[in-house]
Amino acid sequence: MSLCAAAVVGYWDKFDPSRYPIPLGLFSLAVACTLAGLCMHGLGWFVLMRGMAPGLSFSTAMRAWAYSQVVKYVPGKVMVFVTRTEICARDGVAPLTVLAGTGLEIILSLICAMVLSLGTLTVWCRSMGLSPWICIGPMAGLLAMVHPKAIIAVMRLYYRLRKADTSAVPELDLKHILKPLGVYFAGWLLYGVGGYLLICVVFNGMVGSPRTQMGMIGAFPFAWAAGYLVLLAPGGAGFREGALVYALGSWMTFELAVVVAVVARLCQSGLDLLIAGGWWLGRTIALKRSK
């Protein structure tokens, strides 16, 4: 979080509302798109887990996902699994099933984020004197990983890294993988659009040509993937912002890229708390009414 703190202090004038009036309509739309993207990720988790544990209810799955969005800021990301295990156990879901679902969620989400980033980068290859196949090739490789055999092999590797029992890796078919994959892809697209609209808020208006807009949209899932791969960073803090600043460097100054990264972090962290708080409040009210 040191990058965020330093940016707020060093570039406070960039946040000054008297210098840069915040367009509330555009800001609301940016927040709504980001929120919709995050909720789609929660829906993807439910679709994925429902195929592995038919007895898991929608409310339990979404509550487990929502709470894990807050505890992911604990370094190591272990609390994500612990939280989901405790909540899903109330519907009779075994811990190893939750571990399998969480591992598969990570794999599918990373694939979707990177495919979207590479897809938006493809339109820039020719302008940089590069062949589009530099992006198309890795995209094809990532999509090939969606095959059940490839997914299971990666999950077994993930389990070994986590020192878990590899026999708990479930047998999957293509249909079981493609359904949540589509939901995750839609979620990352909405997340990227929300990030681009936050850029428009910082610039106080729409920014760039359609090609530039596509590149900016792809920068946000790329930054998430880069931050997630650093296990010890709580919520990818610092690393995610650094990756976003780097990715946006082609379209804006370093100072403005830092401001965008800080605003994006504050927006996502605030929405994580809002989603978890909403599920906690709803459950508390429901329990009081049932007594």
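Modeller: Let us begin with the term contact, which means that heavy atoms lie within 4.5 Å. Please keep in mind that this is a predicted model. Among contacts in the protein chain between residues at least 6 apart in sequence, 71% join residues at least 24 apart.

Biologist: Which elements make up the protein chain, helices or strands?

Modeller: The protein chain holds 12 helices and zero strands. Read from the N terminus on, its elements therefore run α-α-α-α-α-α-α-α-α-α-α-α.

Biologist: How much of the protein chain counts as buried?

Modeller: A residue is called buried when its relative accessible area is under 20%. By that cut-off, 48% of the 291 residues of the protein chain are buried. As for the surface, the protein chain exposes about 13,700 Å², and carbon and sulfur atoms supply 70% of that area.

Biologist: How many residues are in the largest nonpolar core, and which have the most contacts inside it?

Modeller: The largest nonpolar core has 85 residues, and Ile-151, Met-155 and Leu-248 are those with the most contacts inside it. Helix α6, residues 95-125, gives the most to this core, with 14 residues. Take Leu-248 as an example. Leaving aside its neighbours within four places in sequence, Leu-248 is in contact with Ile-199, Met-216, Ala-219, Ala-257 and Val-260.

Biologist: Which residues of helix α11 are buried?

Modeller: Leu-248 is one of the buried residues of α11, together with Arg-240, Glu-241, Ala-243, Leu-244, Val-245 and Ala-247. Helix α11 covers residues 239-248 and is mostly covered, as seven of its 10 residues are buried.

Biologist: Let us turn to helix packing. At what angle do α3 and α4 pack?

Modeller: Two values describe such a pair: an angle between the helix directions and a distance between the axes. Helix α3 (residues 24-52) and α4 pack at an angle of about 125 degrees, with their axes 9 Å apart. That angle makes α3 oblique to α4, and the crossing is right-handed. On the α3 side, Leu-38, Cys-39, His-41, Gly-42, Leu-43, Trp-45 and Phe-46 take part; they meet Phe-58, Ala-61, Met-62 and Trp-65 in α4.

Biologist: Is His-41 buried or exposed?

Modeller: His-41, in helix α3, counts as buried because its relative accessibility is 8%, under the cut-off of 20%. Not counting residues up to four places away in sequence, His-41 touches Trp-65, Tyr-184, Gly-187 and Trp-188.

Biologist: How far apart are the axes of α4 and α12?

Modeller: The axes of α4 (residues 58-71) and α12 are 8 Å apart, and the two helices pack at an angle of about 140 degrees. This makes α4 oblique to α12. The crossing of α4 and α12 is left-handed. Residues of α4 in this packing include Phe-58, Met-62, Trp-65, Gln-69 and Val-70, while those of α12 include Asp-272, Ile-275, Trp-279 and Arg-283.

Biologist: Why does Asp-272 count as buried?

Modeller: Asp-272 is buried because its relative accessible area is 0%, and the cut-off is under 20%. Asp-272 is found in helix α12, residues 254-290. Leaving aside its neighbours within four places in sequence, Asp-272 is in contact with Leu-38, Gln-69, Val-70, Lys-72 and Tyr-73.

Note on methods. Residues numbered from 1 in each chain as written. Predicted model: local features only at pLDDT ≥ 70, side-chain atom pairs only at ≥ 80, totals over all residues. Heavy atoms only, no water. Core = buried A, V, L, I, M, F, W, Y, C linked by side-chain atoms within 4.5 Å. Buried < 20%, exposed > 50% of the residue type's maximum accessible area, 1.4 Å probe, protein only. Helix = DSSP H or I, 4+ residues; strand = E, 2+ residues; numbered from the N terminus. Areas by Shrake-Rupley, 256 points an atom, 1.4 Å probe, with all protein chains shown as cover. Axes fitted to C-alpha atoms, helices over the stretch in contact; angles between N-to-C directions. Parallel < 35°, antiparallel > 145°, perpendicular 65-115°, else oblique. Left-handed = near helix turned anticlockwise from the far one by under 90°.
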